[in-house]
Amino acid sequence: MGHSFAEAGDAQKNNFDLGEFVGDLNIEDDASSDDISLEGLQQELEECKDDDVVANILSKGTALRDYTKGVENNLRQVELDSIQDYIKESDNLVSLHDQIRECDSILSQMETLLSGFQTEIGSISSDIKILQEKSMDMGLKLKNRKVAESKLAKFVEDIIVPPRMVDIIVDAEVNDEYLRTLEILSKKLKHTEVDHMAKTSKALKDVQPELEKLRQKAVSKVFDFIVQKLYALRKPKTNIQILQQSVLLKYKYIISFLKEHGKEIYIEVRGAYIDTMNKVLSAHFRAYIQALEKLQLDIATSSDLIGVDTRSTSLFSRGREPLKNRSAVYALGERINILKEIDQPSLIPHIAEASSQKYPYEVLFRSLHKLLMDTATSEYLFCDDFFGEESIFYETFAGPFAVIDEHFGTILPNCYDAIGLMLMIRITHQHQLIMSRRRIPCLDSYLDKVNISLWPRFKMVFDLHLNSLRNANVKTLWEDDIHPHYVMRRYAEFTSSLIHLNVGYGDGQLELNLERLRMAVDDLLIKLAKTFSKPKQQIVFLINNYDMTIAVLKEASPEGGKIQLHFEELLKSNTSLFVEELLLEHFSDLIKFVKNRASEDPGSTSERPITVTEVEPIVKDFGNRWKAAIELMHKDVITSFSNFLCGMEILRAALTQLLLYYTRLSDCIKKIQGGSALNKDLVSISSIMYEIRKYSRTF
């Protein structure tokens with residue numbers, strides 16, 4: 001290309017003839033060509049008529065061939081002009097060629113430089129890779145060395161015996177710091193026993209004798225310390241619970257240390273605690289029981305039974321202390337309040353003694369067991385927390401249980417208070433519920449044993465009452481008095497008390513025993529009633545006793561129980577009998593006639609028809625004295641029945657029955673031939689009704 005540009009330059013210098021070089025450019029006619037077809041020309045002309053060039057050609061009428069030659073000449077001229085311009089710029093093109101060659105040389109050098117740089121980069125990358133591998137290797141070694149260092153440091157820390165620890169164990173007082181040091185020593189001792197690496201290490205041979213010496217010293221020192229604290233419990237007037245919570249529990253780790261590293265010493269400490277607390281608690285409960293015994297109020301003796309004649313006992317000769325009377329043995333009264341005060345604090349004997357107060361035994365029983373529950377709960381939780389053994393509690397409380405059992409062994413055989421025994425049974429049940437809510441099981445077996453001992457005693461005393469009714473001497477019990485008998489009042493109060501104490505418990509065995517008692521008192525009451533000579537007195541006696549019994553039973557169970565319903569039926573039947581007896585006493589002729597003759601048909605042809613003559617005396621007698629008779633009946637009822645309301649109900653029933661009898665008599669007279677003659681003597685029904693209402697208003 002460079003040679004061509006040089007030649008072009010020389011040609012310019014020699015006035016090169018462009019026309020000669022190009023030659024003549026002639027366009028030859030080709031009229032004879034057979035390939036030209038004019039088909040579709042007209043259509044193409046129509047399409048191109050809007051073209052300016054074509055339109056110009058067509059308008060001037062120039063021949064197409066001439067026009068073509070003109071175009072060819074123009075193109076040749078343009079080409080020649082272009083070549084001429086190129087020749088003019090040949091120097092610049094040569095300079096450009098030289099610059100390109102220089103650039104090519106520079107780029108070649110740069111290529112060589114970059115190739116060398118690339119080679120160096122490859123070498124650096126290889127070095128970096130080697131460094132990376134070395135770094136990873138060093139990191140792994142560092143990690144392994146750290147692991148080894150941590151294990152070795154832990155091993156050294158676990159097995160080494162610092163001088164500070166030795167000083168504390170040997171010379172320091174037992175305090176919080178001593179306990180923390182004791183924990184460290186315990187860990188080291190465990191480590192030398194459990195860790196395989198420590199067992200096989202040579203370092204152990206140097207350290208183990210020192211650790212053993214420290215262990216022996218620590219065990220000896222804490223033993224002396226804890227025993228000293230335990231003996232502090234024996235001091236008089238010591239608050240055991242405060243000492244346990246504020247002092248002993250702070251050092252409970254000593255017990256754990258002795259369990260693990262001084263088993264024999266732990267057994268000694270355990271035994272010392274059990275012995276100390278056994279004696280201390282036994283002494284406390286013994287003193288408390290002795291103080292309570294001074295506050296005891298005797299309620300009943302072996303002769304205080306339902307069916308025993310009061311005139312043959314010294315019951316009336318007793319002192320006038322609270323509750324010491326006949327009804328206190330059988331009536332519940334305010335004694336029921338003890339069940340509402342079940343969780344109240346225990347009695348403080350010296351305060352009660354100072355005020356000269358006396359209490360039934362169930363009050364002392366609740367107080368003693370309240371103290372037992374609170375003490376046992378505190379001791380059980382302490383033993384579990386301090387020693388981690390529940391069995392220690394039972395060994396510790398063997399003494400207090402024995403003291404309380406001994407106390408009950410002397411009280412129960414001499415207890416004839418059935419109400420008190422049933423109250424103690426209910427108190428025991430409530431105490432079981434309290435311990436259950438506390439989730440403290442330590443008294444379960446003891447309370448079950450108390451319950452088992454109370455029930456047989458209650459059954460024995462109950463049977464004494466039952467047999468006293470069955471074997472009662474009617475002659476000694478009988479009194480010429482139609483009012484409620486004291487035996488029946490005892491029975492009513494006794495039964496009412498037990499029914500009240502059975503509410504909410506539904507004890508079937510107790511209900512069965514009460515039914516047996518009811519049958520026995522029924523038989524006795526009938527025997528007592530038969531000792532009266534007149535049937536009317538017998539009936540009044542029964543009614544008074546039944547009415548009193550029902551009134552007492554309603555206080556215990558207002559809705560009416562099985563026993564109450566039984567006595568209500570007896571009261572109803574005896575009331576009917578009394579009404580008949582009362583009416584027969586004052587209107588016997590009227591009643592006999594109505595019962596025997598009024599039901600007959602006066603118009604029938606019987607052998608003995610009812611006549612005016614037969615009826616007239618009855619009518620006149622009734623008319624003359626019916627008001628006076630009713631007044632006598634009223635007085636009789638008032639004096640016969642101790643319960644005024646009951647007497648008035650009976651009087652109203654009698655008057656109503658009298659009205660029925662007289663109504664039947666009046667109806668019978670209307671049917672008798674000539675009975676109208678008696679109308680003037682008949683008392684109007686309205687008059688009798690008025691009289692009945694007059695007595696009804698009195699109550």
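Helix 11 (240-246), helix 13 (263-293) and helix 16 (361-386) each give the lining of the largest pocket at least two residues. Helices here are DSSP runs of H or I, at least four residues, numbered from the N terminus. Helix 13 supplies the largest share, seven residues.

Ground rules. This is a predicted model: local features need pLDDT of at least 70, side-chain atom pairs need 80 or more, and totals for chains, interfaces and linings use all residues. Residues count from 1 along each chain as its sequence is written, and side-chain values use heavy atoms, without hydrogens or water.

Back to the pocket. It holds about 480 Å³ of space. Of its 21 lining residues, His284, Phe285, Tyr288, Leu371 and Thr375 are the closest to the centre. A pocket is an open set of points on a 1 Å grid over the protein atoms alone, where a 1.4 Å probe fits, with protein on both sides within 12 Å along at least five of seven lines; lining residues have an atom within 4 Å of a point. The volume is the space filled by probe spheres set on the points, which are joined across faces, edges and corners.

Next, helix 18 (residues 398-411) and helix 20 (residues 444-470). Their axes, lines fitted to C-alpha atoms over the stretch in contact, with angles from 0 to 180 degrees between N-to-C directions, come within 12 Å and cross at roughly 5 degrees. So helix 18 is roughly parallel to helix 20, a label for angles under 35 degrees. Phe401, Ile404, Asp405 and Phe408 of helix 18 meet Tyr446, Lys449 and Val450 of helix 20, with contact meaning heavy atoms within 4.5 Å.

Methods. Parallel < 35°, antiparallel > 145°, perpendicular 65-115°, else oblique.
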